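This briefing covers backbone geometry, helix packing, salt bridges and a surface patch. Keep the model open while reading.

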Amino acid sequence: MSKHDTTESSFKLTLVPAVLYVAWEFMARIIESPIQNPFARLLFIGHPVRGADGSLSYSKGYDDIWFLAYWVICFSSIRLFLIVYVCHPIARRYGIKSDGKLFRFGEQGYSSSYCTFMGSVGLYVMYQLPTWYFNCTPQWTEYPQWRMTPALKTYYLLHFAYWIQQFLVLILQLEKPRKDHNEFIVHHFVTLWLIGWSYLVNLTWIGNMVHMTMDWSEALLATAKVLHYMKYETTATVCFAAFVGMWTYTRHYLNIYLLQSVWTEFDLIPAAAQRWAPKEGVWMVGWMKYQIWIPLALLQVVNLLWYFRVWRTLVRLVFKSTLMDERSDDEEEGEATGDAKGEGEAIGSAKNE
């Protein structure tokens, strides 16, 4: 089966729940049924809560698991579709023909698109919250945040699904391991730990801020590499320089600021919420301070290791005019060793961060 056949089959399978949802809704207009549409939980967030003023918010619940599972599959299909039908035709127009380079171009094109989109959505979500712009204090004084805006819950669960898929790709080794494979394992595990726990214990505002410190730097890096493949070297260099500045500001300055907030402002949580009472939506006993701070600190350590490699790349760029992300395998290695074909065949796997 060709890549195009695989892509079409995968994309069609993800559309099945949507078709069944529409069919159920159509039949429900003809035949009355007390059973709610079972496919809705796959396509839409659940557990709506109406406020006294009529406002709509959402809580967490078991139906979120169905939504997550479906979107883990969707992200695999969306990635494959974008790479094969959008990125590869663009790459060929710019003279990129080898399987290895096509794979890398598609990988970076997808990453640039995803991170730019989710970074924009994240800004919109943050703008609706008291934590705009990285105003950390409300996340403690207004804990718990168990009622989420529709945008926040959708954004949070989609990001969660994306990282679950990324982690599965790593541990199942569905693509050729990178030379910093171990760092990616740690990074993805810590990311999933933070997303999962923050969602469970109703600390979603800080989760939104952590996501915002990650997405934009990754979007700039992926864009710089795409421009490099397209031979827009000057633009790629400017974009890479912007990436270094964004990485420094978001992944270090802002992340350290968040670490300081956890350490110094945790006790601002209302006294009534500083106890372990899951049925009431509060979980913030004393030791939870360290359960939040330590994974964030570990994430900072991994980012510092990558930061050193980023500066090595910048030095190479200045003195040798060669743009390559030090966090990943050598872009040309596949062709030089004859592994490019195998790498190109791995097109169905997901991209590491």
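Helix axes here are lines fitted to C-alpha atoms, for helices over the stretch in contact, and angles run from 0 to 180 degrees between N-to-C directions. Helices (H or I, at least four residues) and strands (E, at least two) are DSSP runs, numbered from the N terminus. The model is predicted: local features need pLDDT of at least 70, side-chain atom pairs count only at pLDDT 80 or more, and totals for chains, interfaces and linings use all residues. Residues are numbered from 1 along each chain as its sequence is written, and side-chain values use heavy atoms, with hydrogens and water left out.

**Helix packing**

- Helix α3 (residues 63–93) packs against α6 at about 55°, and their axes lie 8 Å apart.
- α3 and α6 are therefore oblique to each other. Angles under 35 degrees count as roughly parallel, over 145 as roughly antiparallel, 65 to 115 as roughly perpendicular and the rest as oblique.
- The α3 and α6 crossing is right-handed. That term applies if the near helix is turned clockwise from the far one by less than a right angle, and left-handed if anticlockwise.

**Salt bridges**

- The whole structure holds five salt bridges. The criterion is a side-chain nitrogen of Lys or Arg within 4 Å of a carboxyl oxygen of Asp or Glu.
- One of them joins the side chains of Lys153 and Asp64 at 2.9 Å, N to O. This pair links distant parts of the chain: Lys153 sits in helix α6 and Asp64 in helix α3, 89 residues apart.
- Lys153 and Asp64 are both buried. Buried means under 20% relative accessible area, exposed over 50%, and partly exposed in between (1.4 Å probe, protein chains only).
- Glu107 pairs with Arg104, with the closest N and O atoms 3.0 Å apart. Both residues belong to helix α4, three residues apart, about one turn of the helix. Glu107 and Arg104 are both buried.
- Glu280 and Arg275 meet through their side chains at 2.4 Å, N to O. Glu280 is exposed, at 51% relative accessible area. Arg275 is partly exposed, at 34%.

**Backbone exceptions**

- Most residues other than glycine have a negative phi, and most peptide bonds are trans.
- The Trp132 to Tyr133 peptide bond is cis, with omega near -25°. Tyr133 lies in the loop between α4 (99–127) and α5 (137–141).
- Tyr143 and Pro144 are also joined by a cis peptide bond, with omega about 5°. Pro144 is in the loop between α5 and α6 (150–171).
- His47 has a positive phi of about 65° although it is not a glycine. His47 is in the loop between α2 (40–43) and β1 (48–50). His47 is partly exposed, at 25% relative accessible area.
- Asn202 likewise has a positive phi, near 65°. Asn202 falls in the loop between α7 (181–200) and α8 (204–229). Asn202 counts as buried, at 3% relative accessibility.

**Surface patch**

- Tyr127, Trp132, Tyr133, Tyr249 and Tyr253 make a nonpolar surface patch of about 590 Å².
- Patches are made of residues with over 30% relative accessible area and no salt bridge: like charges are joined within 9 Å, nonpolar side chains (Val, Leu, Ile, Met, Phe, Trp, Tyr) within 5 Å.
- Accessible areas come from the Shrake-Rupley method with a 1.4 Å probe; for residues, only the protein chains shown count as cover.
- Tyr133 is partly exposed, with a relative accessible area of 39%.
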